[in-house]
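I am opening my notebook on this structure. Each entry says what I looked up and what I found.

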Protein chains: 2
Amino acid sequence: MPKKNAFYAQSGGVTSVINASACGVIETARKHKSEIGKVYAGRNGIIGALREELIDTSKESRSAIHGLLTTPSGAFGSCRHKMKTIEENRAEYERLIEVFKAHNIGYFLYNGGGDSADTCLKVSQLSEAMGYPLQAIHIPKTIDNDLPHTDNCPGFGSVAKYIAISTREAALDVASMCESSTKVFILEVMGRHAGWIAASGGLAAEQEGDAPHIILFPEIAFNREKFLAKVKRTVKKNGYCVIIASEGAQYKDGSFLAESGLKDAFGHSQLGGLAPNLAQMIKDEHGYKYHWAVADYLQRAARHIASQTDLDQAYAVGEAAVEMALEGKNSVMPCIVRGKGKRYRWSIGEAPLDEVANVEKMMPRSFITRDGFNITQAAREYLEPLIQGEAYPEYKNGMPKYVRLKNQLVPKKLAKGFKV
Amino acid sequence: MPKKNAFYAQSGGVTSVINASACGVIETARKHKSEIGKVYAGRNGIIGALREELIDTSKESRSAIHGLLTTPSGAFGSCRHKMKTIEENRAEYERLIEVFKAHNIGYFLYNGGGDSADTCLKVSQLSEAMGYPLQAIHIPKTIDNDLPHTDNCPGFGSVAKYIAISTREAALDVASMCESSTKVFILEVMGRHAGWIAASGGLAAEQEGDAPHIILFPEIAFNREKFLAKVKRTVKKNGYCVIIASEGAQYKDGSFLAESGLKDAFGHSQLGGLAPNLAQMIKDEHGYKYHWAVADYLQRAARHIASQTDLDQAYAVGEAAVEMALEGKNSVMPCIVRGKGKRYRWSIGEAPLDEVANVEKMMPRSFITRDGFNITQAAREYLEPLIQGEAYPEYKNGMPKYVRLKNQLVPKKLAKGFKV
């Protein structure tokens, strides 16, 4: 029987280091050519498997694959296709296994967050039941840092570094202008359910009085009066106020601050989002001049200032996934384990997929100050190691050199297509 | 008669390299101690002079001053105080001269954009008339790149680099997700009157089809139908569409796109701004899923990825200002002169202030493609040299090391205060 091939796919929102995990997978597989066949990557994630659009990574040069280390976003394409339950859409799962069978794929390496961990688990279970067993390994990736079991998620450290730096820089700007101009600056960051990214903005502060003065976490119910009072106190004391607002900030009843409830003449919901809504709230109450920024994709694509620690870990989980596959493991996820002791050390551990799938890890209450507006020393000690080191890409002509792969598809073997 | 002191002030919106100009001023003045006294910096710009709040830069260590090279924003504080005409507020000008006289200030070094060039000129003229002649030198600074005479403005190159890189990074993100998710991404950038910053996003493209696919310049009247048609064509052809929108984008009648004209229940103007308005316009017409980012202060404070060329030029104009002062010059501005020939070279020239004050340099039409939606090769050749080199700051503990000055004030000498 020929060696089994591996299928690798990127899932969900991409990060500035998810390609480093791909690099870890492909480089490690290439080191084990006697045991493992080709690495096929899904074109646009799992959709590529369903459509039998498999990218043959063996067509890529060594330097192109190595260039993935410094290239943000999903080099093979990712997708937001959520697999339904097996009961709801058994055909999709069966199609996957049919494609894997046709291409002699024995390893399913799925690089994503909580949803994809669940898919990964289900694929493994169903393949077993269908008599074509697959080893399914989930490779953790999410800027949201909300996966359980792993100490942190590859992808998060770089966003954290970007947000911490951007906060420190923008705060210097506001501080130098506040006497006669902008007094309040709001930076809206990602994180719909968990406040990890917002928390990382807290690393901008070095001493008492430093920005950010207020962080809004999804974990803490927003209280308009308390918030406005804190803004006022901060401006009176420091001359300005810098606010990091998680896009998931919400009222006690669970409604998001980003939804203003207003409609325009055509009945469309009002535009804007969280940062401008907060800014207007402050302006109405206190009259302060404001500015706001929404980092959006800039934060999760900012490979130009990625964390070296994050990059190393992203590579390591990709590498470990292949090693685990070769050791015969199934339904597991390599994870980051933090060592004990004062100096930060990390190693790769292993988590069972059924304990990872569909569980969200929120910020512990002990990481948030009693008033709910900032991070504690415990949070700082957790976060700080994750942003260490500057993993600069190479530059050419003033711009970062990011690779473009050939992304050549493997000839299809199945007669039938599949509509996704 | 004792040596004359110099007064230096930062004016208007700060940049990631304006402190490099301050560093050039102070280090150069320190080299000429036999000819020039102390450098006093205005606390919060010209307001500091009016209030007699002068920072004694001689109290700062050599390494602190050198640290200004890598510290973004205004280390002494800046302000948005626009001096009125002499006819409207002669008292302000007289106060300035009174303060300068009291502190034996003979050199007025004013670091700002078009407005401050005008103030600088007026101060010089009035001081002459009042019998206390000052040498007034204007040091160019503006991210908007809209000063005449100088080939480019210190501060612009670093924003250009940041926007070009951010565009390339975010575009990779969108490209990798567009099959099943976001199809349109809008990045709103600064530049209310001139499209230089928006144009710099064009440097993200390397080949046909690359982002940005559409750039909206203030110089080109916005045409809704043409724009929406272009978005659709782009999505059909490339699968996604990346748009750089200058905050100053406007309709033919001069009204800004950022103003939606909508009001909420309390009669407040609708929030939002340009990027969300454009996003909604596209959604309504084509139904595409969108994301948008507003870089705001992040772009002009992003010292972590400053252009080395920009940094060198910012330092050089500060240095040249002191040298010009020592050569007895008055009412001039050191400017950047681009050398002839293919290889980019620059040197410092000199522009008369009366030709700089209150003149805005727009993007030439030849820098914008015929359809109004992108930059031409000529623009690229102009812009590219300005983003060369990565002037990384030092890092400590994962974060950039930015200096904090003591900013110790000189004891006041005037009996009377002055209300600003």
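**Entry 1: a helix in chain B.** I began with helix 5 of chain B, where B:G114, B:S116, B:A117, B:D118, B:T119, B:C120, B:L121, B:K122, B:V123, B:S124 and B:S127 are buried. A residue is buried if 20 or more other C-beta atoms lie within 10 Å of its own, exposed if 12 or fewer, and partly exposed in between, with C-beta atoms placed from the backbone. Helices (H or I, at least four residues) and strands (E, at least two) are DSSP runs, numbered from the N terminus.

Before going on I noted the ground rules. The model is predicted, and local features need pLDDT of at least 70, side-chain atom pairs count only at pLDDT 80 or more, while totals for chains, interfaces and linings use all residues. Residues are numbered from 1 along each chain as its sequence is written, and chains are lettered from A and ligands numbered from 1 in the order in which they are written.

I then asked what covers the buried residues of helix 5 of chain B. The cover includes helix 2 (46-50), helix 4 (90-102), strand 4 (105-112), strand 5 (135-140), strand 10 (332-338) and helix 12 (353-356) of chain B. Contact here means that the C-beta atoms of two residues, placed from the backbone, lie within 7 Å.

Helix 5 of chain B runs over residues 114-129, which is 16 residues, and its first and last C-alpha atoms are 23 Å apart, close to the expected 22 Å. The expected span is 1.5 Å times one less than the number of residues. After helix 5 of chain B comes B:G131, with a positive phi near 80°.

**Entry 2: where the chains meet.** I looked up how many residues of chain A are in contact with chain B. There are 62 from chain A, and they meet 63 from chain B. On the chain A side, helix 6 (156-177), helix 9 (274-286), strand 9 (290-294), helix 10 (297-301) and strand 13 (399-400) give two or more residues each. Helix 6 of chain A gives the largest share, 12 residues. By class, this side of chain A has 29 nonpolar, 21 polar and 12 charged residues. Ala, Val, Leu, Ile, Met, Phe, Trp, Tyr, Cys and Pro count as nonpolar, Asp, Glu, Lys and Arg as charged, and the others, Gly among them, as polar.

I stayed with helix 6 of chain A for a moment. Of its 22 residues, 22 are buried. Its end C-alpha atoms are 32 Å apart, which agrees with the 32 Å that its 22 residues should span at 1.5 Å a residue.

**Entry 3: how the copies are related.** Chain A can be laid on chain B by a turn of 180° and a shift of 0.0 Å along the axis, with an RMSD of 0.0 Å. The two copies are thus related as by a two-fold rotation axis. Copies are superposed by least squares on the C-alpha atoms of residues with pLDDT of at least 70 in both. Since 100% of the interface residues of chain A are also interface residues in chain B, the copies meet through the same surface.

**Entry 4: domains of chain A.** Chain A is divided into domain 1 (5-142 + 308-358 + 390-400) and domain 2 (156-301). The bounds come from an automatic or database domain assignment. The C-alpha centres of these two domains of chain A lie 34 Å apart. Their contact takes 10 residues from domain 1 of chain A and five residues from domain 2 of chain A.

**Entry 5: one residue in a strand.** I picked B:S246, which lies in strand 8 (residues 241-246) of chain B. Is B:S246 buried or exposed? B:S246 has 28 other C-beta atoms within 10 Å, so it is buried. Its contacts, leaving out residues up to four places away in sequence, include B:V189, B:G191 and B:P218. The C-alpha atoms of B:S246 and B:A194 are 8.5 Å apart, although 52 residues separate them along the chain.

Entry 6: Most residues other than glycine have a negative phi, and most peptide bonds are trans. A:N44 is not a glycine, yet has a positive phi of about 60°. A:N44 sits in the loop between strand 2 (39-42) and helix 2 (46-50) of chain A. B:N44 also has a positive phi of about 60°. The peptide bond from A:A211 to A:P212 is cis, with omega near 0°. A:P212 is in the loop between helix 7 (196-200) and strand 7 (214-216) of chain A.
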